[in-house]
Amino acid sequence: MIKDYRKFILRIISGLFLFLLALFLLLNNWVLFVVFVIVTQFLAIWEISSIFSKKYYVDKFFLFFVAFYLDILVYVNSTDVITVLDNVRFNSDKLIFFILSIFFVFLIFSVNFISYVQNNLKNIYNKSNEIEKDNIWDFTKANRVTYEYFINSLGVNMIILFYAIIPFSLVIFISSLKNGVLLLLIVFTNFLNDIFAYLVGKVLGRNKFFEFISPNKTLEGFIGGVIGGVLGGIFWIYFSKLYLIFGMYKLVILVVLMSLFAPFGDLFASLIKRGFELKEISNIIPGHGGVLDRFDSFIFSVYIFSFIFFLFF
């Protein structure tokens, strides 16, 4: 049963507020919606960077710069999206350029880290005594832990890139397709998935589901979330008449896959929180915690949508 009704009510109110605010901006002023997404993205970067920086080196300035670069790239290229006879068409070269830009970002990240490690170790080397300076290979072996630390830190920065930056840039691009109707398919699917998973899990939850990652998750909640997500997606497919454009069976498969994978976005956030002994990523959103506590499952839904839609539709 629901133990903390105050938190439950706050969760519902804050969730509805964010949903209605995003919906209003999306339908009335796309530029302001893009600003809303960028602000949300920057908050997500700040949250997860603050957590990881407790144990690893996180280049916050560079992460914010990369986020802004990708957002501007997507925003500018979204003007190429054209709706012709109710069919979604877009310049695929622009999407490919966006994907290749991610590879370029990894390259720059790597060069940046190599330079930082070089300068860091050079300062240590210059401060060491003459005996330690005799053999640079012995020096590098003695500082193996430093190399491991920065290699792990590079991985952490990549996690931030793919978990808190790229998904929100993709949201900007998806929101420009079909006047935001496709993005709302993700939103309705994910929103109902979250609500049903929470309610069913609290009321009927008995069997644990990935309990070593998230002790409160239950199999019943997972199944309820999948059912709720599918129902929410089908509702929007009929309401928006998307089935007339893309075909019902393709859209249903897409919705099912988003509903199945969405909970693992939540579990991924839980994995990070367990690693740092946190209950919530932050306390920005009442009843939810942080931005990533609210959008964790949404992030995985965006990835599934992008993979399936841009390849098979």
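**Aromatic contacts in the predicted model**

Phe295 has a relative accessibility of 17% and therefore counts as buried, since the limit for this class is under 20%. This value, like those that follow, was computed from a predicted model.

In total, the structure contains 27 aromatic pairs. One of these is formed by Trp30 and Tyr75, whose rings are stacked, with 5.4 Å centre to centre and 10 degrees between the planes. Because Trp30 belongs to helix α2 (residues 30-52) and Tyr75 to helix α3 (residues 60-77), the pair ties together parts that are 45 residues apart in sequence. Trp30 is partly exposed, at 23% relative accessibility, and Tyr75 is likewise classed as partly exposed, at 31%.

An edge-to-face arrangement is found for Phe168 and Phe295, as their ring centres are 6.2 Å apart and their planes stand at 75 degrees; edge-to-face pairs require an angle over 60 degrees. Phe168 is located in helix α7 (residues 144-175) and Phe295 in helix α12 (residues 291-312), so that this contact ties together parts 127 residues apart in sequence.

Note on methods: Residues numbered from 1 in each chain as written. Predicted model: local features only at pLDDT ≥ 70, side-chain atom pairs only at ≥ 80, totals over all residues. Heavy atoms only, no water. Phe/Tyr/Trp six-rings, centres within 6.5 Å; stacked < 30°, edge-to-face > 60°. Helix = DSSP H or I, 4+ residues; strand = E, 2+ residues; numbered from the N terminus. Buried < 20%, exposed > 50% of the residue type's maximum accessible area, 1.4 Å probe, protein only.
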